[in-house]
Amino acid sequence: MTASASPETKPHPRRGAAALVLLAAGLVVVSPDVEAAASLEGCGARKTARAGDACEQVLQVWGRWQRSGDDAARDAGIRHARARLEGAWTRAQRGVPACADATATSTDVFARMNSAVGAFVTAMDGSPRGAPLGPRTGRCRARLLRIAGRACRGLVRNEEARLEGNQTRAEAAAARAREKLGAAWTVANASDCLTAIGVDEADAAVERLAATVAGDATSATLRELADAAGVHVGAAVEPSHIATDPLYGPTLAAEFTSLTTENQMNWEPIHPEPDRYEFGPADELVAFAAQHGLRVRAHALLWGRFAVPAYVQNASSATELRALVADHVAAVAGRYAGRVAQWVVVNEPLTFFGDPGDTDGLDPTVFLRLLGPGYIAEALRLAHAADPHARLFVNEFGVEMPGPKQERFYRLARDLLEAGAPLHGVGFQGHLGFFGTPVPTGAELLEAVRRFAALGLEVEITELDQYAFPDDPTALARQHALYHDVLLGCFLSPACGGVTVWGLADPYSWVRVFFRADAIPLPLGDGYARKPAYFGSRAALIQARSARP
Ligand code: XIL
């Protein structure tokens with residue numbers, strides 16, 4: 001489905017609405033989209049239930065293999081479970097093309113499920129922590145896999161209840177599945193079954209497996225899952241695309257809870273000359289957000305590296321620049337006061353690689369050169385005066401993992417707070433894997449979020465994308481894991497309120513413009529096809545829902 005999905009087969013709100021208008025006008029025209037939208041929810045529930053069964057079956061197959069060591073029987077069992085899932089999913093989506101489009105393919109699901117189970121088995125094979133496992137090992141592991149299988153089925157099937165709108169039943173079912181899992185592990189543990197894999201790890205592995213399977217099978221949108229988890233998922237957007245691409249606006253409104261102004265609130269476009277403001281495009285985005293109930297993240301008041309007009313770049317004295325900054329912030333933040341949830345007040349204040357240079361790690365932009373390091377606190381105060389309700393952020397790239405740049409960012413945030421500046425949050429941009437740079441694990445990211453949260457700050461991932469290309473056969477699978485881990489890593493901290501991707505879909509990504517035209521950095525692809533990263537993001541949102549307070 002992912003590469004070949006076409007926008008024509010998508011349920012989509014505006015076309016659905018248009019068809020309803022036709023019906024209301026008395027024309028006997030039933031758009032296939034209306035039918036599709038009507039049955040889509042049932043489709044997700046049916047597929048989710050079958051995926052839950054498949055998850056249990058696969059774990060049992062692996063469990064029997066742990067006892068018997070019979071590779072051929074295992075492979076036959078896997079083939080059988082896969083065929084059953086394929087048959088069930090084909091029936092579930094018969095006559096409802098949108099159903100196929102809203103979920104992963106059975107092949108994708110099966111491959112992901114099987115490799116996750118394989119990883120689970122490998123983890124159990126790791127070097128034992130306690131005494132050697134002895135002759136009962138195979139039986140013991142078979143039992144653990146059976147337990148995991150029942151829990152996986154229970155956790156996945158609880159999505160079915162939620163999709164049917166029965167939240168109470170869903171929560172009760174999930175709680176029951178977790179309780180049974182806990183009790184079963186305890187018994188298994190008492191008989192020395194769990195010497196190689198700890199209870200917590202085993203629990204986490206089952207939760208992850210179940211969420212992966214449910215994220216593939218459900219037809220819920222990112223927006224629905226984010227709302228249920230109480231978090232935001234956002235995209236950076238350009239208003240011109242709303243006008244030129246009929247699916248751009250509806251996709252934004254259906255899938256996301258938040259938008260970031262990709263370019264239109266940067267200094268140059270919004271304030272190109274000292275006495276000229278161009279508010280039109282930014283106004284359009286703010287109006288779109290209001291109309292569709294989206295949160296606005298405004299980007300960015302001061303960004304010394306890009307989109308700085310000549311009259312600012314060439315300011316000749318501190319007095320002149322200070323006056324320009326005061327005017328700019330008052331006018332721009334003031335105009336949108338009350339309508340913007342978060343402002344990026346200063347973007348990329350640090351040097352590119354986090355090297356100290358002779359400016360103590362601050363990027364020697366015109367702001368630093370003329371106003372000194374105090375310009376950041378000054379800008380925060382001006383922004384707070386212009387819009388007292390907006391949450392004020394500084395935003396930086398390359399700070400997701402431990403290292404000198406994260407250290408410098410941390411010191412900057414701490415110093416600003418100590419100086420009494422109205423700083424409410426930090427943004428980790430999350431442009432990941434660029435030019436082969438290592439990507440953070442979920443645990444590393446969570447640790448980074450917690451460090452800043454301990455200062456009392458909110459944290460968001462503000463510009464997530466991955467440097468990925470189709471000539472790498474592992475790209476999509478790695479991207480699935482990356483998006484899952486980044487979203488979950490962030491959302492596991494209550495301080496993380498949102499994750500924003502930098503572009504609505506691959507064709508609109510800056511990576512295609514700046515680096516390579518064939519880049520595939522985002523969860524939605526060409527034709528808005530849902531890529532594995534989209535399903536990985538769903539899985540993370542499903543887990544976030546049960547993990548957050
Ligand atoms: C990019 C935009 O996506 C492009 O359209 C523009 O031409 C250049 O800037 N870090 C940031 C973003 O903070 O503002 C950048 O966005 C990407 C890197």
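The following exercises, each with a worked solution, concern a predicted model.

**Exercise 1. The length and the buried face of helix α15**

Work out what span helix α15 (residues 318-335) should have at 1.5 Å a residue, and compare that span with the distance between its end C-alpha atoms. Then find which residues of α15 are buried and what covers them.

*Solution.* Begin with the length: helix α15 has 18 residues, and at 1.5 Å a residue these should span 26 Å.

Next, list the buried residues of α15, which are L321, L324, V325, H328, V329, V332 and A333. Seen down the axis of α15, these buried residues fall within an arc of 120 degrees, so they line one face of the helix.

Finally, look at what lies against the buried residues of α15: the cover includes the helices α12 (267-270), α14 (310-313), α16 (366-371) and α17 (375-386), together with the strands β3 (295-302) and β4 (342-347).

**Exercise 2. Helix α8 and its partner α22**

Compare the reach of helix α8 with its expected length, and then describe how α8 packs against helix α22.

*Solution.* First, count the residues of α8, of which there are 19; from the first C-alpha to the last, α8 reaches 27 Å, close to the 27 Å expected at 1.5 Å a residue.

Second, turn to the pair: helix α8 (residues 199-217) and helix α22 (residues 532-547) have their axes 8 Å apart and pack at an angle of about 125 degrees. The two helices α8 and α22 are therefore oblique to each other, and α8 passes α22 in a right-handed crossing.

Third, identify the residues that meet, which on the side of α8 are E207, R208, A211, T212, A214, G215 and D216, and on the side of α22 are F535, R538, A539, I542, Q543 and S546. Among the buried residues of α8 are E207, A211, T212, A214, G215 and D216.

**Exercise 3. Backbone details**

Find which residues a cis peptide bond joins, and then locate E348 and Y528, stating for each whether the residue is buried or exposed.

*Solution.* The cis peptide bond joins H299 and A300, with omega about -5 degrees, and A300 has its place in strand β3.

Although E348 is not a glycine, this residue has a positive phi of about 50 degrees. E348 is found in the loop between β4 and α16, and with a relative accessible area of 9% E348 is buried.

Y528 is not a glycine either, and has a positive phi of about 60 degrees. Y528 is found in the loop between α21 (510-514) and α22, and at 6% relative accessibility Y528 counts as buried.

**Exercise 4. Surroundings and distances**

Describe the surroundings of H431 and of D283, and state how far the C-alpha atoms of A73 and A379 are separated.

*Solution.* H431 lies in strand β7 (residues 431-432) and, at 15% relative accessibility, counts as buried. Leaving aside neighbours within four places in sequence, H431 is in contact with E400, E463, D465, W502 and W510. From H431 to A544 the separation is 113 residues in sequence and 22 Å in space, C-alpha to C-alpha.

D283 lies in helix α13 (residues 280-292) and is partly exposed, with a relative accessible area of 25%. Not counting residues up to four places away in sequence, D283 touches R335 and Y336, while the C-alpha atoms of D283 and S115, 168 residues apart along the chain, are separated by 47 Å.

Lastly, A73 lies in helix α3 (residues 71-93) and is partly exposed, with a relative accessible area of 43%. The C-alpha atoms of A73 and A379 are separated by 67 Å, and these residues are 306 residues apart along the chain.

Definitions and conventions:
Residues numbered from 1 in each chain as written. Predicted model: local features only at pLDDT ≥ 70, side-chain atom pairs only at ≥ 80, totals over all residues. Heavy atoms only, no water. Helix = DSSP H or I, 4+ residues; strand = E, 2+ residues; numbered from the N terminus. Expected span 1.5 Å × (residues − 1). Buried < 20%, exposed > 50% of the residue type's maximum accessible area, 1.4 Å probe, protein only. Arc of directions from axis to C-beta. Contact = heavy atoms within 4.5 Å. Axes fitted to C-alpha atoms, helices over the stretch in contact; angles between N-to-C directions. Parallel < 35°, antiparallel > 145°, perpendicular 65-115°, else oblique. Left-handed = near helix turned anticlockwise from the far one by under 90°.
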